[in-house]
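Welcome! Here is a short briefing for someone meeting this structure for the first time. Take a look, then read on.

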Amino acid sequence: MGGESPRARPRRKQAAGGGAGRGKDPGQRLADISRRLCARFGRPAGCAHEKDPVRNLILTILSQNTNDGNRDRSFSSLMRRFPSLSLLARANSLEVEEAIRVGGLARAKAKAILSALARVKGENGEFSLEFLREKPLSDARDWLTSLPGVGVKTANILLLFSFGRKAFPVDTHILRVARRLGLVPASADLARAALSLEPHIPGGEHASLHLNMIRLGREICRPRNPRHEECPLLPICPEGLREMRKPRRT
Ligand code: SF4
């Protein structure tokens, strides 16, 4: 789940759904996409993200700019070295860096984790983010993205998988697929795509659409040589249809 710039921040004014319409209501189009992906891949049972919000926040910070394997290795190493959040919060930055080195960007991530823990404890008196459950979605997201190193993708992962909120995290795979489908403009970045798509996603589909779009991006709608002819979204994908109409080289 890497790829988000730590500097990514929400825009106060949300984009108006990008090009998601393409002759159809954006909500209908996203429902259609979700249905087609579930028909191909099934409805995902869950994901590897921690349910506990504070641990999920740490895991998500560790996921930036690395792959899932290194994210999990650095999280396990950190939890082994500091079995409780209070021990971790009292650690010095170098110890934390050492424990998470396998995931890369260790200095920046250690700083982000320690700052986040200090802020959570300082504002709530405990290592808990439960207060976010009651906040309006945009306020909860604003609070999370005010933490150093936490962008919209990280905040949305937490809001979706720890709190079951209707947030839609967009990673580089989802962004590529959404651009090719014409759901967002080619110029959209991760944060803009997330904020423009999120309100149009049918209730209850945020998690499965997130996970299935990532799977589509990894297995079929790859950065190079996308496999249009095998794609369940081909009938509704402008780029796929355009590419398929081009004469084949012999
Ligand atoms: S049809 Fe092609 S471009 Fe469109 S989503 Fe599928 S693989 Fe990607």
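What covers the buried residues of H8? The cover includes helix H2 (53-62), helix H7 (137-145), H10 and helix H11 (206-219). This is a predicted model, in which local features need pLDDT of at least 70, side-chain atom pairs count only at pLDDT 80 or more, and totals for chains, interfaces and linings use all residues. Residues are numbered from 1 along each chain as its sequence is written.

**Overall picture**

- The protein has 12 helices and 0 strands, where helices (H or I, at least four residues) and strands (E, at least two) are DSSP runs numbered from the N terminus.
- Of its 250 residues, 42% count as buried, meaning that 20 or more other C-beta atoms, placed from the backbone, lie within 10 Å of the residue's own.
- Among contacts (C-beta atoms, placed from the backbone, within 7 Å) between residues at least 6 apart in sequence, 68% join residues at least 24 apart.

- Buried residues of H8 include Val 152, Ile 157 and Phe 161.
- Two packed helices are described by the angle between their axes and the distance between the axes.
- The axes of H8 (residues 152-161) and H10 (residues 190-197) come within 9 Å and cross at roughly 40 degrees; axes are lines fitted to C-alpha atoms, for helices over the stretch in contact, and angles run from 0 to 180 degrees between N-to-C directions.
- Val 152, Lys 153 and Asn 156 of H8 meet Leu 190, Ala 191 and Ala 194 of H10.
- H2 and H8 pack at about 145 degrees, with axes 9 Å apart.
- On the H2 side, Pro 53, Asn 56, Leu 57, Thr 60 and Ile 61 meet Thr 154, Ile 157, Leu 158 and Phe 161 of H8.
- The contact of H2 with H8 has 6 nonpolar, 3 polar and no charged residues; Ala, Val, Leu, Ile, Met, Phe, Trp, Tyr, Cys and Pro count as nonpolar, Asp, Glu, Lys and Arg as charged, and the others, Gly among them, as polar.

**Around the ligand**

- Cys 221, His 228, Cys 231, Cys 237 and Gly 240 come nearest among the 13 residues around the ligand, a shell defined by C-beta atoms, placed from the backbone, within 6 Å of it.
- H9 gives the largest share of this shell, 3 residues.
- By class, the shell has 9 nonpolar, 2 polar and 2 charged residues.

Methods: Buried ≥ 20, exposed ≤ 12 C-beta atoms within 10 Å, placed from the backbone. Contact = placed C-beta atoms within 7 Å.
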